[in-house]
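Below is a single-chain structure, followed by questions on its fold and local geometry.

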Amino acid sequence: MKSIILPNGLTRRTTTCLTKAGIPIEKEAIIKALKDGTLYPYRNPRNYGKCTHREVCRWAGVDASTLPPPSS
């Protein structure tokens, strides 16, 4: 099954995940959420895994390897 890319450039699944987490689909907001640990695979938010994380990082132009792990 092929993913449907929405006009915002993200898949429907990723857009739904971010929306349910209360994160606006804006590059600045997503970059901030990535850097402060709000978005982190298998922790925050629910259903946000490594594939979704890669997609979001690629879309936002952020190198995932430079992101700090979230605080416990």
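The questions and answers below go from the whole chain to single residues.

This is a predicted model, in which local features need pLDDT of at least 70 and side-chain atom pairs count only at pLDDT 80 or more, while totals for chains, interfaces and linings use all residues. Residues are numbered from 1 along each chain as its sequence is written, and side-chain values use heavy atoms, with hydrogens and water left out.

Q: In what order do the elements of the chain run from the N terminus on?
A: Helices (H or I, at least four residues) and strands (E, at least two) are DSSP runs, numbered from the N terminus. The chain has three helices and zero strands. From the N terminus the order is α-α-α.

Q: What percentage of the residues in the chain is buried?
A: Buried means under 20% relative accessible area, exposed over 50%, and partly exposed in between (1.4 Å probe, protein chains only). Of the 72 residues in the chain, the buried share is 36%.

Q: How are helix 1 and helix 3 oriented to each other?
A: Axes are lines fitted to C-alpha atoms, for helices over the stretch in contact, and angles run from 0 to 180 degrees between N-to-C directions. Helix 1 (residues 12–20) packs on helix 3 at about 90°, with the axes 10 Å apart. Angles under 35 degrees count as roughly parallel, over 145 as roughly antiparallel, 65 to 115 as roughly perpendicular and the rest as oblique. Helix 1 and helix 3 are therefore roughly perpendicular.

Q: Which residues make the contact of helix 1 with helix 3?
A: Contact means heavy atoms within 4.5 Å. Helix 1 contributes Arg13, Thr14 and Leu18, and helix 3 contributes Thr52, Glu55 and Val56.

Q: Against which helices do the buried residues of helix 3 pack?
A: In helix 3, the buried residues are Thr52, His53, Glu55, Val56, Cys57, Trp59 and Ala60. They pack against helix 1 and helix 2.

Q: Over the ring of which residue does the charged end of lysine 27 sit?
A: A charge sits over a ring if NZ of Lys or CZ of Arg is within 6 Å of the ring centre and within 35 degrees of the ring normal. The charged end of lysine 27 is 4.8 Å from the centre of the ring concerned, which belongs to tryptophan 59.

Q: Is tyrosine 42 buried or exposed?
A: Tyrosine 42 lies in the loop between helix 2 (27–35) and helix 3 (50–60). Its phi is near 65°, a positive value in a residue other than glycine. With a relative accessible area of 64%, tyrosine 42 is exposed.
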